[in-house]
Amino acid sequence: MELAVHATGLRKRFGPVQAVDGVDLAIAPGEVVAVLGPNGAGKSTTVDLVLGLSVPDEGRVRVFGQTPAQAVQEGRVGAVLQEGALLDDATVGEIVAMVASLHRNPMPVAEALRRAGVADLATRRSTRLSGGQKQRVRFAVALVCDPELLLLDEPTSAMDPVTRRAFWSSMRDFTERGRTVVFATHHLEEAEEYADTVVFFRAGKVIANGPIDQVRKLASGRVISAVVPLSGAALGALPGSAGVEWFGERARIVSHDSDATLRALLARFPKAHDIEVTGVGLDEVFFALTSQEER
Amino acid sequence: MRYLVLELRRALRRPGTLLFVVGFPGAFYLLESVIFGNGIDILPAMAAWGVLLAGLLVAPPIVAERAAGWQRQLRLTPLSGAGYLRGKATVGLLVALPPPIVVALLAHFTQDVRLDASQWVALVGLTWLGALPFALLGILIGQLSTPESVQQVTIVGMLALAIFGGMFMPLDTLPNWFGQVGYAMPSYWLTELGRWVVLPDREIMLAGGILLGWALALGAAVTWRFRRDS
């Protein structure tokens, strides 16, 4: 079976910035993939390359075995872009109808509006919408070509928690029909809740990827930070430890079982002091995933 | 097709579109008819001015859509960039149809201008066909301007082309140097199309040829700019 997205060796430079620096992606049809990473990590540029909105300096992208342009021509790809605009002088219904009229086999406009949860806004001008409503209208625009692959670049950034939940529930309806979804986000919780697989970006590279279960396990862990005078000690061997980072004499240990790790730490290194235990964030999950791969 | 209908509806809804293309030429026509004491001399110029305005009004939405990212959204549809520009030109041409009709109706009903049916059709039809280079000019302005500058560029273009093209004052009533500038303006030749219908001794082939030349040159500029953008 053809991969929904198959990227190999993608590179893209903007002036002095190497925005994408050798990215490989292989996303199977029906997968829901979260792309996580800080701002400027290359997420949006990669989305643009997959959509064919920009051309890679090196490497190649195939969408269902086709070039991005072919896939777009056939209406197999829909996208909610970060700056995807709406028209000021048209109603929500007209905007979706305009996009629908350009596709060969669109779904009915009313259905796209309903699926995106904006049927009641059809006659509203886009200037009179809240940020979250606009984002759902963009979702309707992306849906109307009835795509097999949907790319969403930070789809929920302008939404309040209630709208966010409604958005993801309409998304779930979409993915239940076997469609492929790739979404970029800052929110680890969103990835945990909705994705099958997670891809981490940093500095234009994919630094880790893995099934969501693994991430969930890591995200449920804790970070133990302590000054351990024997800098460089083998803390990785402590029970529960999933990775260690040193900042001078201070060690940061990501742990699945902080109680066990901490007891063992104090037993073996009685001089350890200034101990802090915190929940893990995105950074620690990144770190734990990468350090595991190195081992 | 449905796409064009929606584009046209947006253009007509935009505040200013109808005011500019129908209201301004209509009002100036009535005003100048009184000043000149007859309704026929100024008729081709005001019909042409409305067409010119309709063409240049193609520019602002292109700039706005470029700035807001709507063009990126359209690139995720089968519509090509060239198709997008063709759509904008078509809408410009459609919006250019009402002005000569309205000015002609005003001439007939308020100024007692009497022409044969074939002359009315020729006046409206030829002036309307002359919209092509102006719609292309509107596209070019749309490609080159920023959201901050497009308003000024469009308005200055509307007035400069009208004034130097002799639309408000016939060129032969003005100093010689003014006339020399005027003959270089496409707006002068657009007016000539209508003057050929209603006034004696005018050169239609020359006017048509020059406008066609302008259309080709502007079309080439638009294509060049489009290739550089994409």
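Asp112(B) counts as exposed because its relative accessible area is 55%, where exposed means over 50%, buried under 20% and partly exposed in between (1.4 Å probe, protein chains only). Asp112(B) lies in the loop between helix H7 (98-110) and helix H8 (117-129) of chain B, and its phi is near 55 degrees, a positive value in a residue other than glycine. The model is predicted: local features need pLDDT of at least 70, side-chain atom pairs count only at pLDDT 80 or more, and totals for chains, interfaces and linings use all residues. Residues are numbered from 1 along each chain as its sequence is written, chains are lettered from A and ligands numbered from 1 in the order in which they are written, and side-chain values use heavy atoms, with hydrogens and water left out.

**Chain A overall**

- Chain A contains 10 helices and 13 strands; helices (H or I, at least four residues) and strands (E, at least two) are DSSP runs, numbered from the N terminus.
- The C-alpha trace of chain A spans about 70 × 40 × 35 Å along its principal axes.
- Of its 295 residues, 54% count as buried.
- The accessible surface of chain A is about 12800 Å², and 49% of it belongs to carbon and sulfur atoms; accessible areas come from the Shrake-Rupley method with a 1.4 Å probe, and for residues only the protein chains shown count as cover.
- Among contacts in chain A between residues at least 6 apart in sequence, 67% join residues at least 24 apart, a contact being heavy atoms within 4.5 Å.

**The sheet of 3 strands in chain A**

- This open sheet has the strand order E2-E1-E4 (chain A) with antiparallel pairing; two strands pair if DSSP finds at least two bridges between them.
- Strand E2 (17-27) and strand E4 (58-63) of chain A are the edge strands, each pairing on one side only.
- On average, neighbouring strands of this sheet are turned by 20 degrees against each other, direction ignored; axes are lines fitted to C-alpha atoms, for helices over the stretch in contact, and angles run from 0 to 180 degrees between N-to-C directions.
- Strand E1 (residues 5-14) of chain A is joined to the antiparallel E2(A) by 8 bridges; in E2(A), Asp21(A) stands opposite Arg11(A) and Leu25(A) stands opposite Ala7(A).
- The hairpin of E1(A) and E2(A) has 2 residues between the strands, and Gly15(A) in the turn has a positive phi of about 55 degrees.
- Helix H1 (residues 43-51) of chain A lies across E1, E2 and E4 of chain A and runs at about 60 degrees to E2(A).

**The sheet of 6 strands in chain A**

- A further open sheet has the order E5-E6-E7-E3-E8-E9 (chain A) with mixed pairing.
- Strand E5 (77-80) and E9 of chain A stand at its edges with a single partner strand each, so one side of each is left without a neighbour in the sheet.
- Neighbouring strands of this sheet are turned by 15 degrees against each other on average, direction ignored.
- E3(A) pairs with strand E7 (residues 180-185) of chain A in the parallel sense over 5 bridges, and the bridge partner of Ala34(A) in E7(A) is Phe183(A).
- Helix H6 (residues 161-176) of chain A packs on the sheet and touches E3, E6 and E7 of chain A, its direction making about 150 degrees with that of E7(A).
- Helix H5 (residues 131-143) of chain A lies across E5 and strand E6 (149-153) of chain A, running at about 170 degrees to E5(A).

**Strand E8 of chain A and its partners**

- Strand E8 (residues 197-202) of chain A is largely enclosed by the rest of the structure, because 5 of its 6 residues are buried.
- Strand E3 (residues 32-36) of chain A pairs with E8(A) in the parallel sense over 4 bridges; the bridge partner of Val35(A) in E8(A) is Val199(A).
- E8(A) is joined by 6 bridges to the antiparallel strand E9 (residues 205-211) of chain A, where Lys205(A) stands opposite Arg202(A).
- The hairpin of E8(A) and E9(A) has 2 residues between the strands, and Ala203(A) takes a positive phi near 50 degrees there.

**Another positive phi in chain A**

- Most residues other than glycine have a negative phi.
- Asp274(A), which is not a glycine, has a positive phi of about 50 degrees and is found in strand E13 (residues 273-279) of chain A.

**Nonpolar surface in chain B**

- Leu19(B), Phe24(B), Phe28(B), Leu31(B), Ile35(B), Phe36(B) and Met169(B) make a nonpolar surface patch of about 650 Å².
- Patches are made of residues with over 30% relative accessible area and no salt bridge, like charges being joined within 9 Å and nonpolar side chains (Val, Leu, Ile, Met, Phe, Trp, Tyr) within 5 Å; a salt bridge is a side-chain nitrogen of Lys or Arg within 4 Å of a carboxyl oxygen of Asp or Glu.
- Ile35(B) is found in helix H2 (residues 17-36) of chain B and counts as exposed because its relative accessibility is 61%.
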